[in-house]
Amino acid sequence: MKDVQSAVDQLGASLAHPVLVEDAQHRPIWWSAQGQVDGTRLRTILQHEVEPAARALVTRLGLPRARGPVRTPAAPEADMLPRWCVPLRSGRELLGYLWVLDGDETVTEQYLPQIVACADLAAAFLAQSPMTSAGRVRRRATLLARLAAGPDDNAARDLIALEELDPLATVVVNAPRVAAGWPLRGDMSVRASPASGAPATSGPPLPLAQLHLAVRRASLTRQVIRAGAVLDRPSWDALGSWHLIASAPAGLAVADIHPGADVLARQRRPDLMITARTVLDLGGDIARAAARLHIHRTTLYYRLDRIEALTGVSLKAGPERDDLHMALRLEAFRRAALAKAS
């Protein structure tokens, strides 16, 4: 802010004319030493108000839509002397105006590079400032990124202040992103202080400072779904036994649970692995498995014999079925992570 004020002071001194920077609602932010002023400038700085006639003139001259410096004539009806106006923008958003009061009309176009340079500096500052909607969005995105990366009490306090949240605000995360939330990286969104029972991929609400945990839960839930899990609803608290898969340590190999999963995964075609997963997911129900796989029972029985020959596990009976089932789930879960990474 001091850099912008210094630039405004220097511009005013260089031009020997008063300079004012105001926001899009005509509230003064920075101004240089004021010499000759008109009624509009006086009211803007001293009373923080602009008369309706002056506002109407700004609109009539098309200043909110202007893309560069505009020379405005004297307007006695609005108590305004001639001046230069440079709209301050960030993309398409109007952030404010820089004004150079020029009652004697001696500030010619040769001074425009200086004026525009000062305007650009002010616009760059305002674009990052929470005082503007664009600045607020950027600030919020920065704080959310910090909270999504890990515990950050300072970021939580700043976000609460920025968005005027309840100090005890909670959050949920949805994946894929939904329109009702603030966007996060990875096609996710976060909703603060969600309504009771609102569906969320991350499960029940967590304190704002634990947003990173909600992000991790949502990511793991989405990975479980990509691995083929059939859930009552796409939510962390609906994973059931898949929680064991999602929390499996990286050092735990699929073969540590059952080597048969690796054998099936190495087959040229995935038919046997898919068949084994389907039969085990359905609790050994042959009729339902054949229907879900869209194959004849004879074909299914042939595959079951091949699976038993390769793995040593009978999917129709036997104590190792549970181990093979969990190993196949872990194999699918890790493949889902690799597929996302690629």
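**Notebook: a look through a predicted model**

I started with confidence: the mean pLDDT of the protein is 91, and 97% of its residues reach 70 or more. (pLDDT is the predictor's confidence in each residue, from 0 to 100.) I noted that this is a predicted model, where local features need pLDDT of at least 70, side-chain atom pairs count only at pLDDT 80 or more, and totals for chains, interfaces and linings use all residues. I also noted that residues are numbered from 1 along each chain as its sequence is written, and that side-chain values use heavy atoms, with hydrogens and water left out.

**Helices and confidence**

I found the lowest confidence in helix α2 (residues 39-47), with a mean of 85, and the highest in helix α7 (residues 211-226), at 97. Helices (H or I, at least four residues) and strands (E, at least two) are DSSP runs, numbered from the N terminus.

**The cores**

Next I looked up the largest nonpolar core, which has 37 residues; W242, L300, L315, L328 and F333 have the most contacts inside it. Such a core is a set of buried Ala, Val, Leu, Ile, Met, Phe, Trp, Tyr and Cys residues joined through side-chain atoms within 4.5 Å. Buried means under 20% relative accessible area, exposed over 50%, and partly exposed in between (1.4 Å probe, protein chains only). Which helix gives the most to this core? I saw that α14 does, with 7 residues.

I then checked W242: leaving out residues up to four places away in sequence, W242 touches V224, A227, A229, L231, R277, R329 and F333. Contact here means heavy atoms within 4.5 Å. I also found a second, separate core of 24 residues, with V21, W30, C118 and A127 among them.

I turned to α12 and α13, which pack at an angle of about 105° with their axes 9 Å apart. Axes are lines fitted to C-alpha atoms, for helices over the stretch in contact, and angles run from 0 to 180 degrees between N-to-C directions. So α12 is roughly perpendicular to α13, since angles of 65 to 115 degrees count that way, under 35 as roughly parallel, over 145 as roughly antiparallel and the rest as oblique. On the α12 side I listed I286, A287, A289, A290 and L293, which meet R297, L300, Y301 and L304 in α13.

**Q114**

Is Q114 buried, exposed or partly exposed? I found Q114 in helix α4 (residues 112-127), and its relative accessible area of 34% makes Q114 partly exposed. Beyond its neighbours within four places in sequence, Q114 is in contact with L11 and S14.
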